[in-house]
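User: I am new to this one. Could you take me through it?
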Amino acid sequence: MVSVPSNRGYEITAASLSKRYDGYEIEETHGWFLDMLPPAPLSVLDIGAGSGRDGLHYAAKGYQVTAVEPTDAFRKIAMAKDGADAIEWLEDTLPELALLEERAFDVVTLIAVWMHLDVDEREEGMVRLNELLNPGGLLVMTVRHGEPPEGRLMFEIADEEVIEAARALGLSLVSHANVESIQPLNKAKGITWSRFAFRKGLS
Ligand SMILES: C[S@@+](CC[C@H](N)C(=O)[O-])C[C@H]1O[C@@H](n2cnc3c(N)ncnc32)[C@H](O)[C@@H]1O
């Protein structure tokens, strides 16, 4: 397993977290960007794929999916699911994502991952995300705000930092919102999520 500060705490909690992650209604949590995805065939890179919930959804829609997940326990759970054979699974980490070499994708998603990276990793990571996008491609990110769960490394990240880092690379902001957590316990604690979608220019 790739063990980095950013995936601290996930190996031992992956089984219970997978049950929780798989319980979310994808149309409810991701509906805000699913309509932006052009029809298949498209290549989708899901970074920090967790239980594989999203990758399997995209694959079922006919997209060609690559899922990156550094935590062994998550990858094993995800790869054992029906439909997982249609997905390319990689054990790799932001910010380098070295296994992806010179490849690029039509859609890159990071759902609930970015807040695990420190400031230097985020700086390097945004450059890498831009490289991984095809011209005209869509970058989708969600970032958690508020008290971190016990045992995990998270940073408080201002929306402006994300928007400015992407803008500096020529990525255009096409959607941005800050919303309450849909989990009752987290909502009560004041946990919110920022959602971003950026489009890479065609030239
Ligand atoms: C909160 S979970 C989200 C999982 C999934 N995206 C979802 O929405 O259910 C964060 C995920 O990011 C992964 N992760 C942590 N550090 C990472 C890194 N440096 N590069 C890629 N993934 C990372 C963790 O292993 C974990 O699967």
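Predicted model: local features only at pLDDT ≥ 70, side-chain atom pairs only at ≥ 80, totals over all residues.

Analyst: Residues are numbered from 1 along each chain as its sequence is written.

User: How many helices and strands are there in the protein chain?

Analyst: The protein chain has seven helices and seven strands. These are DSSP runs numbered from the N terminus: helices are H or I with at least four residues, strands E with at least two. Their order along the sequence is α-α-β-α-β-α-β-β-α-β-α-β-α-β.

User: Where does phenylalanine 105 lie, and is it buried or exposed?

Analyst: Phenylalanine 105 belongs to strand S4 (residues 105–111). Phenylalanine 105 is buried because 22 other C-beta atoms lie within 10 Å. The cut-offs are 20 or more such atoms for buried, 12 or fewer for exposed, and partly exposed in between, with C-beta atoms placed from the backbone.

User: And how much of the protein chain counts as buried?

Analyst: Of its 203 residues, 37% do.

User: Back to phenylalanine 105: which residues is it in contact with, leaving aside neighbours within four places in sequence?

Analyst: Those contacts are Ser43, Val44, Leu45, Leu132, Leu133, Asn134 and Gly137. Contact requires C-beta atoms, placed from the backbone, within 7 Å.

User: What about the ligand: how many residues surround it?

Analyst: The ligand is surrounded by 22 residues, the closest being Ser6, Asn7, Gly48, Gly50 and Ile111.

Technical notes: Near = placed C-beta within 6 Å. Contact = placed C-beta atoms within 7 Å.
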